Amino acid sequence: MNNIRSAFEHDKAIIVFITCGDPDLETTAAAIQEAIANGANLIELGIPFSDPTAEGPGIQASYLRASKQGVTTDRIFEFFRDMRHKIDVPMVFVTYANVVFSYGAERFMAACRDIGIGGLLVQDLPFEEQDEFLPICRKYGVNLISTIALTSGKRVARIAREAEGLLYIATGCEDAGAAGIVKEDLAAIVKTIRENTAVPCVVDGGSSDAEEIRDRASMADGVVIDLPIIDLLAKYGRNAPEHIGAYIGSLKP
């Protein structure tokens, strides 16, 4: 059974993004466990890709570090088969279409089902082309997660009506100085989403500023913490998990 909805049963969901294999898979496992122990409700796992065009420089560098360690999709699936029973919150994969195609879409989704991955966010898959994967995702009980941008305009209602699992709102803005503009646009998008679906919507945290993160979380059903986690991995490497746990804990009201 898909368990994404369980992440939103209590207050605002804290969603933590971690690149698989940065700097190694053992550190990934420790980071996941520390994040959960300190309040994470859902884990996003980035599968490294050689040309992550939808990412900023921080996540691009994280993918490169993981790739240099020889982390592959096969190794990631094998790793999580061994440790999934230790994780008691929903998990989703974040990757690119070529990763899924190269692995074989049917084989990829079957493997996701087998290790309890509840959702898949394909960064370079336009909403209008989601039929490339949607039937296979449904066959194996994996929610294909849609993304809404601040520029989605009239498409927001349609995307919301057809959403599965959760909706990710990408502000594409890490500049605290633009917070007022983002907040105004975000409020309008969330209102449209609420009018068209009961599927939970989450928004990116924007920066490492705790107040900004809490503010964004208050407007949606949850917030995705990505860049602060990636920065801690870059700074502390194999010693990052304890710092990640402390950071997630600090976001609690």
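This is a predicted model: local features need pLDDT of at least 70, side-chain atom pairs count only at pLDDT 80 or more; totals for chains, interfaces and linings use all residues.
A residue counts as buried when its relative accessible area is under 20%, and by that cut-off D204, at 7%, is buried. The largest pocket has a volume of about 770 Å³, while the second largest pocket has a volume of about 250 Å³.

**The largest pocket**

- The lining of the largest pocket is made up of 34 residues, and those that lie nearest its centre are A54, Q123, T147, Y168 and A170.
- Two or more lining residues are given to this pocket by each of the strands β4 (117-122), β6 (146-149) and β7 (167-170), and by the helix α7 (155-161).
- Among the contributing elements, β6 gives the most to the lining of the largest pocket, with four residues.

- From α9 come four residues, the largest share of the lining of the second largest pocket.
- The residues lining the second largest pocket comprise eight nonpolar, four polar and four charged.

**The buried side of α9**

- Five residues are named as the buried ones of α9, namely E212, I213, R216, A217 and M219.
- As a general point, an α-helix has 3.6 residues a turn, so residues three or four places apart point the same way.

**D204 and its polar contacts**

- D204 is placed in strand β8, which runs over residues 201-204, and D204 has a relative accessible area of 7%, which means that it is buried because the cut-off is 20%.
- The side chain of D204 makes a polar contact, at 2.8 Å, with the side chain of R216, and R216 is itself one of the buried residues of α9.
- A polar atom of the D204 side chain also lies 2.6 Å from the backbone nitrogen of T171.

Key:
Residues are numbered from 1 along each chain as its sequence is written. Side-chain values use heavy atoms; hydrogens and water are left out. On a 1 Å grid over the protein atoms alone, a cavity is a set of points where a 1.4 Å probe fits but cannot get out, and a pocket is an open set with protein on both sides within 12 Å along at least five of seven lines; lining residues have an atom within 4 Å of a point. Grid points are joined across faces, edges and corners, and a volume is the space filled by probe spheres set on the points. Ala, Val, Leu, Ile, Met, Phe, Trp, Tyr, Cys and Pro count as nonpolar, Asp, Glu, Lys and Arg as charged, and the others, Gly among them, as polar. Buried means under 20% relative accessible area, exposed over 50%, partly exposed in between (1.4 Å probe, protein chains only). A polar contact is a pair of N or O atoms within 3.5 Å; within protein, one must be able to donate a hydrogen and the other to accept it, and residues adjacent in sequence count only if both atoms are side-chain atoms.
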